[in-house]
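Me: I am learning how to read a protein structure, and I would like to look closely at one part of this one. Please take me through it slowly and in connected sentences.

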Amino acid sequence: MVKKLMIVDEQALSRHLVRQVAAMPQDTVLECVSPDEAMKAVGIFRPDCVVMGVSRPVPSAFQAIKSIREAYPQMRVVAVSTLHENHLQQMANEAGASGYVTTENLSELFLLAAPERLTLKPARAKVRRQKKS
């Protein structure tokens, strides 16, 4: 199952870390440097999940979360921050984020980005049996 993931963060290292944690090799990933860039691309790319960096209380990040959720209610938007600040988490929730993850708990992002991955079953090798002669 191929997923489309959009990662929005001004820091290249942060985008790289999120990609390593949240994306599987078969996923299609689009990286954006700013919430404004993401807003221009979201309607064209139509990701299954947007991971929005909100480490700084930049109003445009929270406005982008709100706008995306209003336009595409089925789209997951997860806020990621280096800070474990209650006010940032509250702002993300009020904007409509599907979740809030701090970088110290970045492993949670894998399932927040695509919760259906919990139900994926590992592929089993087909065993062929030889017919007796």
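Predicted model: local features only at pLDDT ≥ 70, side-chain atom pairs only at ≥ 80, totals over all residues.

Is C49 buried or exposed, and what is its relative accessible area?

Reply: C49 has a relative accessible area of 1%, and because anything under 20% counts as buried, C49 is buried. The structure holds 0 disulfides, and of the 133 residues in the chain, 38% count as buried.

The chain has 5 helices and 5 strands, and from the N terminus on they run β-α-β-α-β-α-β-α-β-α. Among the contacts in the chain with a separation of 6 or more, 62% are accounted for by residues 24 or more positions apart.

In soluble globular proteins, nonpolar side chains tend to be buried together. The largest nonpolar core here has 24 residues, and those with the most contacts inside it are M6, V50, M52, V54, I65 and I68. Two or more residues of this core come from each of β1 (4-8), α2 (35-45), β3 (49-53), α3 (59-71), β4 (76-81) and α4 (86-95), and α3 gives the most, with 5 residues. Apart from this core lies another, of 14 residues, which includes I7, A22, A23 and V78.

Leaving aside its neighbours within four places in sequence, V54 is in contact with A61, F62, I65, A79, V80, S81, L88 and Y100.

From there we can turn to a pair of helices. The axes of α3 and α4 come within 8 Å of each other and cross at roughly 25°; because angles under 35 degrees count as roughly parallel, these two helices are roughly parallel to each other. The crossing in which α3 passes α4 is right-handed. Where the helices meet, α3 contributes F62, I65, K66 and R69, while α4 contributes L88, M91, A92 and A95.

Technical notes. Residues numbered from 1 in each chain as written. Heavy atoms only, no water. Disulfide = S-S within 2.5 Å. Buried < 20%, exposed > 50% of the residue type's maximum accessible area, 1.4 Å probe, protein only. Core = buried A, V, L, I, M, F, W, Y, C linked by side-chain atoms within 4.5 Å. Helix = DSSP H or I, 4+ residues; strand = E, 2+ residues; numbered from the N terminus. Contact = heavy atoms within 4.5 Å. Axes fitted to C-alpha atoms, helices over the stretch in contact; angles between N-to-C directions. Parallel < 35°, antiparallel > 145°, perpendicular 65-115°, else oblique. Left-handed = near helix turned anticlockwise from the far one by under 90°.
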